[in-house]
Amino acid sequence: MWCVRKGNQVIKIINGAQAITIDEIQHPAAIFRAWDKHELANIGVFPLEIQHQDNEFYIYRGERYDIQSEKVVRVWDNVTPKPMDELREKHTDSTAQRALSMLKATDWYVIRKTETDEAIPDDVATYRAAVRAAEKKITKAIAAKKTVTGLKNMFVAPADGNAPMHDWPDPLD
């Protein structure tokens with residue numbers, strides 16, 4: 001992305017290479033490929049970077065542009081964590097949905113057992129128990145988190161395994 005800047009003010013945002021008019025001079029879209037960043041800066045065109053947003057866990061307000069010598073960065077003055085109760089509920093619900101999705105493929109064994117009393121194969125029973133145990137473990141860990149950072153860390157995988165949020169049994173073959 002690019003922007004047109006006059007002094008310390010962003011005049012226009014440019015999404016991709018496109019023809020632009022600056023000071024009544026029409027410039028073709030090709031300038032974004034043919035010119036280097038210094039030539040573009042001479043006519044007031046600068047790269048625009050956007051500060052990373054983590055919309056999963058934070059609310060962003062107060063957009064402004066940080067004018068730097070060779071670029072412009074869009075930043076936010078007010079970044080607040082989403083309420084923990086809301087985040088816990090969302091991730092607890094998604095964990096329950098994941099467990100249901102994983103169990104769905106073997107539900108027919110449970111139905112068959114109920115209707116005909118035919119046994120559920122041991123590997124299926126073990127798998128279903130492991131899914132329920134993983135759901136319980138993940139849900140308990142979510143409930144124990146007191147901060148957004150603590151909850152976010154559940155998505156970080158250690159070098160020797162799965163992230164706690166994704167520590168589910170492998171599917172049956």
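Reader: What is the relative accessible area of Glu56, and does that make this residue buried, exposed or partly exposed?
Author: This is a predicted model in which local features need pLDDT of at least 70, side-chain atom pairs count only at pLDDT 80 or more, and totals for chains, interfaces and linings use all residues. With a 1.4 Å probe and protein chains only, a residue is buried under 20% relative accessible area, exposed over 50%, and partly exposed in between. Glu56 is therefore partly exposed, at 28%.

Reader: How many residues apart in sequence are the parts that the pair of Glu56 and Lys90 ties together?
Author: A salt bridge places a side-chain nitrogen of Lys or Arg within 4 Å of a carboxyl oxygen of Asp or Glu, and helices (H or I, at least four residues) and strands (E, at least two) are DSSP runs, numbered from the N terminus. The side chains of Glu56 and Lys90 meet in such a bridge, at 3.0 Å from N to O. Since Glu56 belongs to the loop between strand 5 (45-50) and strand 6 (58-67), and Lys90 to helix 3, the parts tied together are apart in sequence by 34 residues.

Reader: Is His91 buried or exposed, and what is its relative accessible area?
Author: His91 is found in helix 3 (residues 84-104). Taking contact as heavy atoms within 4.5 Å, and leaving aside neighbours within four places in sequence, His91 touches Glu56, Phe57, Ile142, Leu151, Phe155 and Met165. His91 counts as buried, with a relative accessible area of 5%.

Reader: How far apart are the end C-alpha atoms of helix 5?
Author: The expected span of a helix is 1.5 Å times one less than its number of residues. For the 23 residues of helix 5 this gives 33 Å, and the distance between the end C-alpha atoms agrees, being 33 Å.

Key: Residues numbered from 1 in each chain as written. Heavy atoms only, no water.
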